[in-house]
Amino acid sequence: AIDGGKVQVHGDRVKRAKLVHVGDEIRIRQGPYEYRLVVQGLSERRGPASEATKLYQETAESKAAREALAVQLKSVHSMFQQENTRPTKRDRRELLRFKKREE
């Protein structure tokens, strides 16, 4: 994510060696979703994810925006669901008749 430019600290694109401090605002983009996090604490060593989640907090605006986008994407997806089946022989004949009518 860092190499792809999807991580920013205080609005600036960062490199892997960037040191973060308590109070820094980090913006992370994953697909269509954007997370805005505030660093609450630092750890001396790498640990489990359950401990890591205690070291940052997502902003309320970020949560609301992500939830709204998720609802919007679900509604759009349901409108454009495609059938995963091949056309039947009858469907192919109708397509051919339709194409011949256009010529």
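1. Accessibility classes come first. Buried means under 20% relative accessible area, exposed means over 50%, and partly exposed lies in between, with a 1.4 Å probe and protein chains only. Leu 95 is partly exposed because its relative accessible area is 47%. Leu 95 sits in helix α3. From Leu 95 to Gly 4 the sequence separation is 91 residues, and the C-alpha to C-alpha distance is 44 Å.

2. On provenance: this is a predicted model, in which local features need pLDDT of at least 70 and side-chain atom pairs count only at pLDDT 80 or more, while totals for chains, interfaces and linings use all residues. Residues are numbered from 1 along each chain as its sequence is written, and side-chain values use heavy atoms, with hydrogens and water left out.

3. Helix α3 covers residues 89-102. Helices here are DSSP runs of H or I with at least four residues, strands are E runs of at least two, and both are numbered from the N terminus. The 14 residues of α3 reach 20 Å from first C-alpha to last, close to the expected 20 Å at 1.5 Å a residue. That expected span is 1.5 Å times one less than the number of residues. How many of the 14 residues of α3 are buried? The count is 0, and the helix is hardly covered.

4. The largest pocket holds about 850 Å³ of space. Val 20, Ile 26, Val 39, Leu 42 and Tyr 56 are the closest to its centre, out of 28 lining residues. A pocket is an open set of points on a 1 Å grid over the protein atoms alone, where a 1.4 Å probe fits, with protein on both sides within 12 Å along at least five of seven lines; lining residues have an atom within 4 Å of a point. Its volume is the space filled by probe spheres set on the points, which are joined across faces, edges and corners.

5. Which elements each supply at least two residues of the pocket lining? They are β1 (7-9), β3 (25-30), β4 (33-39) and α1 (49-52). By class, the lining has 17 nonpolar, 4 polar and 7 charged residues. Here Ala, Val, Leu, Ile, Met, Phe, Trp, Tyr, Cys and Pro are nonpolar, Asp, Glu, Lys and Arg are charged, and the others, Gly among them, are polar.

6. The largest nonpolar core consists of 5 residues: Val 7, Val 9, Val 14, Ile 26 and Val 39. Such a core is a set of buried Ala, Val, Leu, Ile, Met, Phe, Trp, Tyr and Cys residues joined through side-chain atoms within 4.5 Å. Leaving aside neighbours within four places in sequence, Ile 26 contacts (heavy atoms within 4.5 Å) Val 7, Gln 8, Val 9, Val 20, Tyr 35, Arg 36, Leu 37 and Val 39.

7. Gly 41 is in the loop between β4 and α1. It counts as buried because its relative accessibility is 17%. Beyond residues up to four places away in sequence, Gly 41 touches Val 22 and Leu 55.

8. His 10 deserves a look. Its phi is near 55°, a positive value in a residue other than glycine. His 10 lies in the loop between β1 and β2 (12-13). At 53% relative accessibility, His 10 is exposed.

9. Asp 3 belongs to the segment before β1. Its relative accessible area is 56%, so Asp 3 is exposed. Asp 3 touches Arg 13 and Arg 16, with residues up to four places away not counted. The C-alpha atoms of Asp 3 and Arg 16 are 8.1 Å apart, across 13 residues of sequence.
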